Amino acid sequence: MPRNDPLLAGGTGRLAFGPADEDRLVLRTLEFVCQQLAAWRDDPLRPKNSSERESNEKDLNWSLCNFLDVKSRAHLPMARFTHEVPQSPRRTVDIGVHGLDQPTTIDTRSYGRDDPFLVIECKRLPSPGGKGREREYLSGFANGSPTGGIQRFKLSMHGGQVEVAAIVGYIEKHNAPYWHKKINLWLVDLVNNPSRDRVEWSSSESLQQLMYDADNTGWCDSRHPRIGDSITPEIRLRHLWVQMS
C-alpha cells in the first residue's frame, strides 16, 4: 500500500473519507487493516491444512482477527481486535476493534473497553451459498434472516453504534476490479428492480473509486442511508479486499 496516506485524504486518486480529527483513530485503524491483509494472507503460520479449512469463512475470520490483534501490539497499540462481537442479544459482527482501559472518544462519542469503536464484517467473493445467494456481499436472505453484508449495515443490524465500518472481502476467484464492477451492477439491478430485502437502494450507494496495489489488495468507499437503531442516519463503509491466491 502506498505510504502517502491514501486512506486519510480526499481528492483525485484518493479515497472519499475526509480526515476529520475525531475520525483519525478510525482511519488509522482502517489503514492498518489494509496494510496487514497481504501479510496475513502470505503468513506461513496461517492454518492451511486442508481445502475445507482454507475456505471456511469462520476460520478465515478468526485467523485474520488473531493476526491483526498480534500485529497491533507493535503497529497500532491503542487498539485491540476481538472476534464475534455482540451487536444484539442474537447477532454478532465478525471483528470488533476496541480501545484499552480508558474510554475512546470518536466524534464526541465515548466507547468503553467493551464497546467497539469500529466493526468489520467479512465476506467471501464469490459467496459460497450457491444459486440465489451469490449477491450476499450486497444483499440476501437465508431462513428468513438478512444475510447481505451491506444490507445488514443499512438495517443497523451491524454497526448501529458507529458511523464508519468496514467489510473485508476474501477474493477466491477473479480480482478486485472484477468484483468492484460486479457489485455495482448488482446495485443497479436492485435500484431498478426493488426486492424484498427490507431496504431501499439508490445509485448514490455505489462503490466509489477502486484503489489497487501490487500485493493484490484493493480498497474503496461507499455511503449508505440506514434505518433502525443507529447513531447516525448514514453509515460510511470502507471495502478492503484481498486476493487469496
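Q: How many salt bridges does the rule give in this predicted model?
A: The count comes to 12 salt bridges by this rule, applied to a predicted model.

Q: Why is the contact between arginine 73 and aspartate 69 called a salt bridge?
A: The N to O distance between the two side chains is 2.6 Å. The definition asks for a side-chain nitrogen of Lys or Arg within 4 Å of a carboxyl oxygen of Asp or Glu, so the pair qualifies. Both residues belong to helix α3 (residues 57-75), where they are 4 residues apart, about one turn of the helix.

Q: What makes arginine 73 buried or exposed?
A: Its relative accessibility is 58%. Exposed means over 50%, and therefore arginine 73 counts as exposed.

Q: What makes aspartate 69 buried or exposed?
A: Aspartate 69 has 13% relative accessibility. Because buried means under 20%, aspartate 69 counts as buried.

Q: How do you know that glutamate 136 and arginine 133 form a salt bridge?
A: Their side chains meet at 2.5 Å, N to O, and this lies within 4 Å, so the term applies. Glutamate 136, at 6% relative accessible area, is buried, whereas arginine 133, at 31%, is partly exposed.

Q: Why is the pair of arginine 135 and aspartate 189 said to tie together parts of the chain?
A: The closest N and O atoms of this salt bridge are 2.8 Å apart. Arginine 135 lies in the loop between β5 (118-125) and β6 (141-142) and aspartate 189 in helix α5 (residues 176-192), so the pair links parts that are 54 residues apart in sequence.

Methods
Residues are numbered from 1 along each chain as its sequence is written. This is a predicted model: local features need pLDDT of at least 70, side-chain atom pairs count only at pLDDT 80 or more; totals for chains, interfaces and linings use all residues. Side-chain values use heavy atoms; hydrogens and water are left out. Helices (H or I, at least four residues) and strands (E, at least two) are DSSP runs, numbered from the N terminus. Buried means under 20% relative accessible area, exposed over 50%, partly exposed in between (1.4 Å probe, protein chains only).
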